[in-house]
Amino acid sequence: MTKNNLELAGYRVLVTHAHPDDETLFTGGTIAGLSGRGAQVTVATATLGEEGEVIGDKYQHLVADEADQLGGFRIGELDAAVGHLGARSVLLGGPGQFRDSGMAGSAAHANPRALVNRVPEAAQLIAQLIDELRPDAVLTYGSDGGYGHPDHIAVHQATHQALKQAGWAVPRVWWAIYERELTLGALETLRPPEGWQLPSAEYLENFTNAGADLKVRLTPAAYQAKRRAMAAHATQIWLGDGTVTETNPEPAWVQAANPAEVPTGYALSNRLLMPLPRTESYQLAQGPSPLGEGIRGLLGELDS
């Protein structure tokens with residue numbers, strides 16, 4: 001990404017996530033906006049997402065129940081996506097240190113290598129990153145993990161344990177959310193392509209959180225960087241803007257009634273339409289109240 005305005009040069013941000021693609025879905029536009037203004041952004045990903053499903057036919061046999069090679073493949077997707085966002089990618093503890101925990105009750109959840117069974121170890125590694133980077137802000141999930149995924153909750157727990165263990169006191173901590181009112185309103189402006197469906201009320205209730213302390217309006221450049229990063233996660237994300245890839249050569253077109261605010265949408269392997277608005281939302285977990293919306297509000301007093 002070309003950096004035209006370096007007002008945030010010298011500022012450091014740590015972003016902690018559970019799986020490859022979470023960094024883009026939850027925080028991609030914010031990361032791109034920060035890095036585009038000169039901030040040093042480090043994305044720490046805890047697992048390789050080995051338990052994920054796969055979009056498209058080409059790489060279906062990589063899944064955990066067959067070749068169990070999906071995690072290694074997703075490293076390449078993550079590197080490409082984080083590159084589009086202008087950030088640095090770190091795999092917590094090194095590639096494969098923690099395994100995707102799957103959902104509660106699954107065999108993956110009971111695996112001794114699963115992240116959910118090693119939260120204190122993950123916390124120590126995040127604390128080391130905090131002391132190494134000395135970030136001005138940390139972005140992570142809230143206590144529900146955004147939508148209840150065990151690995152998201154584990155990353156929340158590990159990050160907050162790390163904040164207590166680290167010698168460096170992080171000035172601000174933000175929880176990335178899909179803000180409910182924004183998401184529902186945006187979804188009303190979209191029509192799914194053939195083969196996709198609208199999510200149920202129950203799905204949206206679980207996937208979203210009410211109330212945001214900060215809404216980051218994405219610049220056109222940051223929004224396009226997020227779209228490119230989403231396209232890089234081709235085994236996991238199906239963009240509704242006609243994007244095709246070697247992984248998924250089947251185009252899908254979402255009809256948008258208000259493209260100025262919500263140009264398109266996307267789906268995961270479930271083919272449930274979700275909006276891709278020009279805004280990302282956060283709840284304040286730690287630090288003084290935001291000064292205003294946008295990147296300056298995210299980092300607080302830039303001249304303090």
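Buried denotes under 20% relative accessible area, exposed over 50% and partly exposed the range in between, for a 1.4 Å probe and protein chains only. The model is predicted, so local features need pLDDT of at least 70 and side-chain atom pairs count only at pLDDT 80 or more, while totals for chains, interfaces and linings use all residues. Residues are numbered from 1 along each chain as its sequence is written, and side-chain values use heavy atoms, with hydrogens and water left out. Helices (H or I, at least four residues) and strands (E, at least two) are DSSP runs numbered from the N terminus.

Strand 7 runs antiparallel to strand 12 (residues 279-286), to which 4 bridges join it. Two strands are taken to pair if DSSP finds at least two bridges between them. Lys 215 has Ser 281 of strand 12 as its bridge partner, and Leu 214 has Tyr 282 of strand 12. Strand 12 is also antiparallel to strand 5 (residues 172-177), with 5 bridges between them. Here Ile 177 stands opposite Ser 281, and Trp 174 is the bridge partner of Leu 284.

Ala 285 is a residue of strand 12. With a relative accessibility of 30%, Ala 285 counts as partly exposed. Apart from neighbours within four places in sequence, Ala 285 is in contact (heavy atoms within 4.5 Å) with His 160, Val 173, Trp 174 and Trp 175. Ala 285 and Gly 142 are separated by 143 residues in sequence, and their C-alpha atoms are 8.0 Å apart in space.

Helix 1 (residues 22-36) packs against helix 8 (residues 220-232) at an angle of about 140°, the axes being 8 Å apart. This makes helix 1 oblique to helix 8. Angles under 35 degrees count as roughly parallel, over 145 as roughly antiparallel, 65 to 115 as roughly perpendicular and the rest as oblique. The contact involves Thr 24, Leu 25, Gly 28, Gly 29, Ala 32 and Gly 33 of helix 1, together with Ala 222, Ala 225, Lys 226, Ala 229 and Met 230 of helix 8. By class, the contact of helix 1 with helix 8 has 6 nonpolar, 4 polar and 1 charged residues. In this classification Ala, Val, Leu, Ile, Met, Phe, Trp, Tyr, Cys and Pro are nonpolar, Asp, Glu, Lys and Arg are charged, and the others, Gly among them, are polar.

Helix 1 also packs against helix 2 (residues 70-85), at about 40° and with axes 8 Å apart. Glu 23, Thr 24, Gly 28, Ile 31, Ala 32 and Ser 35 of helix 1 meet Leu 78, Ala 81, Val 82 and Leu 85 of helix 2. This contact has 6 nonpolar, 3 polar and 1 charged residues.

The axes of helix 2 and helix 8 come within 8 Å and cross at roughly 175°, which means that helix 2 is roughly antiparallel to helix 8. In helix 2, Glu 77, Ala 80, Ala 81, His 84 and Leu 85 meet Ala 225, Lys 226, Arg 228, Ala 229 and Ala 232 of helix 8. The class counts for helix 2 with helix 8 are 6 nonpolar, 1 polar and 3 charged residues.

Notes
Axes are lines fitted to C-alpha atoms, for helices over the stretch in contact, and angles run from 0 to 180 degrees between N-to-C directions.
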